[in-house]
Amino acid sequence: MGQSNGARDSDMSSMIELIQELWYLKRDLVSDDFDRALYRLAQEIDGRMQIHEYPTGEPCWTWRVPEKWTCQAAYLETLDGRRLIDVADHPLHVVSYSLPFEGDVSRQELLEHLHVHARLPRAIPFVFKYYQRDWGLCATQELRQALSEQHYRVVIHTRFEPGTLKVGEVIIPGESAETFMLVAHLCHPAMVNDDLSGVVVGLEVARALLAGPKPYYTYRLLLLPETIGSVAYLSHNEALIPDMVGGLFLEMLGNDSPHALQGSFQPASQVDRCFTSALRGLDAKGYAAPYRTVINNDERQFNAPGVRVPMLSISRVERRDSPTWPYPEYHSSFDTPAIISSERLAASKQLVLSLLQAWESNQYVVNNFKGEIFCSGYGIWVDYRLNPEGHRRQFEIMERCDGEHTIADIASELEISFQAVQEITNTLYEKGLVWYSREAHSTRPDRKPIIQ
Ligand SMILES: [Zn+2]
């Protein structure tokens, strides 16, 4: 579609430009700034984004769409009028979805409603109470510790009203109706790595897919508010779920850590095997870990009962035992454009495209041959005296080319990279020894079952 070469249209913004423009917006779940950001992103994809709206109160399976929330003013003062914190200085000074409140409170009562970051003494934390119904402010640990007076004045002017939750969707049609889901969440006011980074990478991936040849799979990119956005979309598109053969949640792709691939709830799925083995060939420092052990996000809704789409996630989350897991500035006012780089975003975009390329080419390898291949006769024999490892691998791969194993199956059985297997099967393909099939195509001879 559209672009005939790799050049970017001059009126399109780069990932880093979009982040600079959108990061400070107050992108709460259902809010005017969330909508502003989504409509702005829609302009970047040439009319290809549909925006779905789900009104406040709309049932979504066991959930309901929340109200639109707006904060007009929020501050904390001493009784003699000295202002200590003010949401006008930073959007995170108020709890997202805080109830309105106005009054003089004791220091003790204030402390119950004044949140700080557990790890960063000088950062304002991101705190949300979407469904708990409470009022609250957020400050630095330093400010909280300096509160010595007996009473303070709190003013929180927030408004709850009917609105519509919005989900942006970009469809990249493929040869097949089988669909691969890409998801990122756009909520989280005034933060960048979580998860505007995943949003802009997702958008760039969608642009690249639209600009390339028609893929085999259909792709759908969803940009949405976390959790409730996924539930709203899935519960209103149940007919699409049977075609969803896999998915990838994109997030935290700008910070300075290696890639982390989190498996799905179904670790034996083709997409799990394909991405886990392909990552080995793409990012030597990257790591893979099971479902729910890297970080939890919207992939939970896709993996859940009644949906069961194997959705993995890709991020740059640190290993779980790191003292700064998932990354040092997580859910704080320090999650700014300063902690990400356009190089890392570009590398993540390339990694996602390479994973999808592997996914597109993951097929059953069907043998045209019987018995072990006469490698010398085909000029593909690897001398075990010069390359014992290569020799052994080649035979291990060839004996699994039986129409019952995909490239990903072979790579995961042998615990080697997808690309290493593909290099050998492509050679066999060029020699006419195998062919690729989207369906299993067993070449076992019919044989009476052995009865013991
Ligand atoms: Zn978050």
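## Overall layout

The chain's secondary structure comes to 13 helices and 18 strands, with helices (H or I, at least four residues) and strands (E, at least two) taken as DSSP runs numbered from the N terminus. This is a predicted model, where local features need pLDDT of at least 70 and side-chain atom pairs count only at pLDDT 80 or more, while totals for chains, interfaces and linings use all residues. Residues are numbered from 1 along each chain as its sequence is written, and side-chain values use heavy atoms, leaving out hydrogens and water.

The C-alpha trace spans about 95 × 60 × 45 Å along its principal axes. Of the 452 residues, 58% count as buried; that means under 20% relative accessible area, with exposed being over 50% and partly exposed in between (1.4 Å probe, protein chains only). Take the contacts with a separation of 6 or more: residues 24 or more positions apart account for 80% of them. A contact here means heavy atoms within 4.5 Å.

## The zinc site

Which residues hold the zinc ion? The protein donors are His188 (NE2), Asp194 (OD) and His331 (NE2), lying 2.1 Å from the zinc ion. Donors are N, O and S atoms within 2.8 Å of the metal (3.2 Å for Na, K and Ca), and water is not among the atoms, so sites may look incomplete. Along the chain, the donors follow the spacing H-x5-D-x136-H. The two histidines tie distant parts of the chain together: His188 is in the loop between β11 (179-185) and α5 (196-211), and His331 is in the loop between β16 (311-315) and α9 (342-361), 143 residues apart.

Both of these histidines count as buried, His188 at 1% relative accessibility and His331 at 12%. There's some backbone interest here too. His331 has a positive phi near 50°, in a residue other than glycine. The peptide bond from Asp194 to Asp195 is cis, with omega near -5°, and Asp195 is found in the loop between β11 and α5.

## Aromatic pairs

Rings of Phe, Tyr and Trp (its six-membered ring) pair if their centres lie within 6.5 Å; planes under 30 degrees apart count as stacked, over 60 as edge-to-face and the rest as tilted. By this rule the count comes to 18 aromatic pairs. One of them is Trp69 with Tyr97: the centres are 5.6 Å apart and the planes at 20°, so the pair is stacked. Trp69 is in strand β4 (residues 68-78) and Tyr97 in the loop between β5 (83-86) and β6 (101-106), 28 residues apart. Both Trp69 and Tyr97 are buried.

Tyr97 also pairs edge-to-face with Phe160, at 6.0 Å centre to centre and 65° between the planes. That pair links the Tyr97 loop to strand β9 (residues 151-161), where Phe160 sits, 63 residues apart. Phe160 is partly exposed, with a relative accessible area of 23%. Ring pairs join Trp63, Trp69, Tyr97, Phe126, Phe128, Tyr130, Tyr131 and Phe160 into a cluster.

Ser96 lies in the loop between β5 and β6 and is buried, with a relative accessible area of 3%.

## Charges over rings

A charge sits over a ring if NZ of Lys or CZ of Arg is within 6 Å of the ring centre and within 35 degrees of the ring normal. The charged end of Arg83 sits over the ring of Tyr75, 3.5 Å from its centre. Arg320 lies over the face of Trp325, at 3.9 Å from the ring centre. Trp325 is also joined to Pro326 by a cis peptide bond, with omega about -5°; Pro326 is in the loop between β16 and α9.

## Helices

How do α1 (residues 15-22) and α9 cross? Their axes come within 9 Å and cross at roughly 120°, using lines fitted to C-alpha atoms over the stretch in contact, with angles running from 0 to 180 degrees between N-to-C directions. The two helices are therefore oblique to each other: under 35 degrees counts as roughly parallel, over 145 as roughly antiparallel, 65 to 115 as roughly perpendicular and the rest as oblique. Met15, Ile16 and Ile19 in α1 meet Ser342, Leu345, Ala346 and Lys349 in α9.

In helix α6 (residues 228-235), eight of the eight residues are buried, so α6 is largely enclosed by the rest of the structure. Thr227 is in the loop between β12 (218-224) and α6, and its phi is near 60°, a positive value in a residue other than glycine.
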